[in-house]
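Welcome, and please get your viewer ready for a short walk. Keep the selection tool at hand, as each stop begins with something to pick.

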Amino acid sequence: MRNSNTAESGDTRQTSVGTPVDADGLPRRLLTTYEVAAFVGCHEETVRRAYLRGLLVSQRFGVRCRRFRREDVVDWIGRGAPTMARVRAERGVGRAAARADDGF
């Protein structure tokens, strides 16, 4: 017989037990590439390209591991990170301008 009182183990990557979060929604610790991409609203590869180009400051741990300070992420957003809201606004402006040039 199975004990129904025990909790099943599951994926705990999204839970941040004991990690304090500030008003802007970012935890007060170093962030992973995935966490930065989820917060900004872009793909992980966009974050990688940003730090390879020098647009986003990262700290390197070992060969592959990169972490980001929350202050650097907020600064990157302020300087023009490709957030979903910004991309949608640019696409909407581009379509309206194209229609105006066509005479519609």
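**Before you start**

This is a predicted model, in which local features need pLDDT of at least 70 and side-chain atom pairs count only at pLDDT 80 or more, while totals for chains, interfaces and linings use all residues. Residues are numbered from 1 along each chain as its sequence is written, and side-chain values use heavy atoms, with hydrogens and water left out.

**Stop 1: the whole chain**

Show the chain as a cartoon and you will find four helices and two strands. Of the 104 residues in the chain, 18% are buried; buried means under 20% relative accessible area, exposed over 50%, and partly exposed in between, using a 1.4 Å probe and protein chains only.

**Stop 2: two packed helices**

Now select helix α1 (residues 33–40) together with α3 (70–78). Their axes lie 11 Å apart and meet at an angle of about 40 degrees. (Axes are lines fitted to C-alpha atoms, for helices over the stretch in contact, and angles run from 0 to 180 degrees between N-to-C directions.) The two helices are therefore oblique to each other; angles under 35 degrees count as roughly parallel, over 145 as roughly antiparallel, 65 to 115 as roughly perpendicular, and the rest as oblique.

Which residues make the contact? Show the side chains of Val36, Phe39 and Val40 on α1, and of Val73, Trp76 and Ile77 on α3. Contact here means heavy atoms within 4.5 Å.

**Stop 3: a pair of rings**

Next, select tyrosine 51 and phenylalanine 68, whose ring centres are 5.7 Å apart. Their planes stand at 45 degrees, so the pair is tilted. (Rings of Phe, Tyr and Trp, the last by its six-membered ring, pair if their centres lie within 6.5 Å; planes under 30 degrees apart are stacked, over 60 edge-to-face, and the rest tilted.) Tyrosine 51 sits in helix α2 (residues 44–53), and phenylalanine 68 in the loop between β2 (65–67) and α3. Tyrosine 51 is buried at 15% relative accessible area, and phenylalanine 68 is buried at 0%.

**Stop 4: a glycine in a loop**

Finally, pick glycine 80, in the loop between α3 and α4 (84–102). Glycine 80 is partly exposed, with a relative accessible area of 41%. Its C-alpha atom is 9.7 Å from that of leucine 55, 25 residues away along the chain.
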